[in-house]
Amino acid sequence: METAVIPTRRRKSISGFLFTLWKKRISYAMLMPFLAVFTVFGLYPIAWSARLSLTEYRGIKDKPPQYVGIDNFKNILSLSFKELPPELDEATGEQIFRCDGEKVIESVAREMEATGVSCEARMVRPRDVLPEGHSEYDRFSFRGTTYIIGATDPRFWKALYNTTLYTMGSVFFSTFGGLALALFLQKQTRVNMTLRVVFFLPAVTSGIAITAVWRWIFTSQNFGLVNTVFRFFGWEQVTFLANVDWTMRILIWLALWGGMGFPMILFLAGLKNVPQELYEAAAIDGASVPQRFRHITIPLLRPTFLYVVVMGIIGAFQVFDVVYIVFSTTETIGGVLDSALTVVTYLYDTGFNMFELGYAASVAWILFAVIFVMTMISLRLGRVNELY
Amino acid sequence: MIEYQGRMTRLVNKIVYAPVIFMALLMILPYYWMVIGAFKPVPELRKIPPTFIVEDPTLNSFYDSQRDTPPDHQRGLFQRFEDTPAGFGRFYFNSMFVAVSITFFSLVLGSLTAFVLAKHQFPGRQFFFLLFMASMMVPWQVTLIPSFLLMRDLKWIDTYQALIIPASAQVFAVFFLRQYMFSIPDEILDAARVDGASEFRIWRSVILPLVRPAMVAIGLTIFLGQWNNLVWPLIVMQSAEMRTLPLAISLLNQSLSGATTLGLIMAAALLTSIPTLLLFLRFQKEFVRGITMTGMKG
């Protein structure tokens, strides 16, 4: 019955192939302008960047890049984890305390504490326990023992930590904020349409200019708007831009302000695409409103949700402008104590302030790897949820 | 009964709306603060607490004819940047010229490439498409350092082409225009071919008018992205007269402090955001369509 149609293969020959190319010359000619620009300014720098990341190069013309293998990556990434023992007195074997600027042994310190002097236990210096070239990144106590984390490049880890925190915070709030807005403003009444425009406005126009305005709203000088409001309520004045505790809150607030409109629009489009018949059918079957939401709206919005989260992660990991405009000063790029230092600002700092160009290229590849892994993880998590 | 219920629902509605409206006010807060800040005279800028309605609006923050009579006057925005002829006006021109050029070139190159990839059959078609797509995965930071070195080697530092040419090949424009072009039936193109139109002519007179909505949406995205581009100009523009607006703003931001200079920064921010606000008001629908179509923001 079935007759397989075997396609007659054209004879392969070089001249035939060249003839095809010649016949298609117009297509290639039309592709050429884009391809040329793309190759020179898009592809070539990628290859160059890969090569550069394996070298030490300070951007000096007379001193060409020195090949160093994967040293840059090692220096960026290497971490050490050590227990930090207490400093002991050699004669008595007791721990040394520092009381009121004075070094004393434990038994003396206890007596002094009883008289109301505050004492602090002294630890061995970090560089005595950490491997060569490492310096302290962070320390913490667990069950009475102090541990120390060392790194060859603690600033990179600080940047990565900040960026991760920022990404989680901003993606979480702007995704759910956008979803809440979309659900709330779903009905096309006049008030809702106006509100939609208002929430959408920063998503389009939140450029450098308006971001700069925020810096002056948060300024700690007494003409700052937020501090004026705080004064009005009788709250304490805060030096927002110079206070480590507030840095991340401000960054995430700015991400929420500028980033909610985008998911809102996507969720509104997603909600519009949910067939109304499904709700009607479920209502006839006696499903309550929360049930309908849980079993119709949520599953049908899942692709949009996944998309918003993935795009959010990719965007948030590359944050630069907000940090540079709001927190950078002429002295420090990452704000006070590097509390706003992100991976891309760190990359910029190493590349264009310290001229460690090879090192900066390596940072960029690590950023790529991190974004790639995070994207894969969220896509995978999204698929796991789809199972039921 | 019905009356009562109606009133209850309305009350509940109002209560539920309150936090949303509060949020909405926070959304437009910086715009408001910017506008009033830009029009306050120096004595009013100095007031603590700051005024919330401009009592005595003035254009002094932009241009002050009595600049030499402190303390109530200072140099306006257009009187600053004395190292540059035309000062802030020059930066405005730089930004506009660069953003418009990039939008134009990337739409021309992008639509041409999308047309070939969507409607022509030739060896390598799939390869080129996949190559473009794969490059989208690589974040721009990866190419930042080598691109700078490339500009240096080409002696393009402090030139317009350093900003315009590398940005003229926008892969995402190709991708979305190509998607859009699949919806154009081949018969139209074949009809044009029978009539003797060249492929270039078909692109110009058949394809471009049909993909106009997609072109507008993508063009807006590109323009806004370039208008707000900070990192790349920061790296390749080193002389004063080649500054773009984001550079000028970050410079003002870092060098000025104090209540009276607030007016200058707000004036600069206002002038910089006016084009984006106008585009937003004029092309609101296109922005929404652009986002739902491409899933990209500016």
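How many aromatic pairs are there over all chains? The count comes to 52, where rings of Phe, Tyr and Trp (its six-membered ring) pair if their centres lie within 6.5 Å. The model is predicted, so local features need pLDDT of at least 70 and side-chain atom pairs pLDDT 80 or more, while totals for chains, interfaces and linings use all residues. Residues are numbered from 1 along each chain as its sequence is written, chains are lettered from A in the order in which they are written, and side-chain values use heavy atoms, without hydrogens and water.

**View 1. The ring pair A:Phe200 and B:Phe280.** The ring centres are 5.7 Å apart and the planes stand at 50°, so the pair is tilted (stacked is under 30 degrees, edge-to-face over 60, tilted the rest). A:Phe200 belongs to helix α7 (residues 190-205) of chain A and B:Phe280 to helix α13 (residues 262-282) of chain B, so two chains are joined by the pair. Helices are DSSP runs of H or I with at least four residues, strands runs of E with at least two, numbered from the N terminus. Both A:Phe200 and B:Phe280 are buried (under 20% relative accessible area; exposed is over 50%, partly exposed in between; 1.4 Å probe, protein chains only).

View 2. Just after the helix, A:Gly234 has a positive phi of about 75°.

**View 3. The disulfide of A:Cys99 and A:Cys119.** The sulfur atoms are 2.0 Å apart (cut-off: within 2.5 Å), and the whole structure holds 1 disulfide. The torsion about the S-S bond is about 115°, so the disulfide is right-handed. The bond links distant parts of the chain, 20 residues apart: A:Cys99 in strand β4 (residues 96-99) and A:Cys119 in strand β6 (residues 119-121). A:Cys99 counts as buried because its relative accessibility is 0%; A:Cys119 is buried at 17%.

**View 4. Two arginines over ring faces in chain B.** B:Arg178 lies over the face of B:Phe129, 3.6 Å from the ring centre. B:Arg282 lies over B:Phe283 at 4.4 Å. The criterion is NZ of Lys or CZ of Arg within 6 Å of the ring centre and within 35 degrees of the ring normal.
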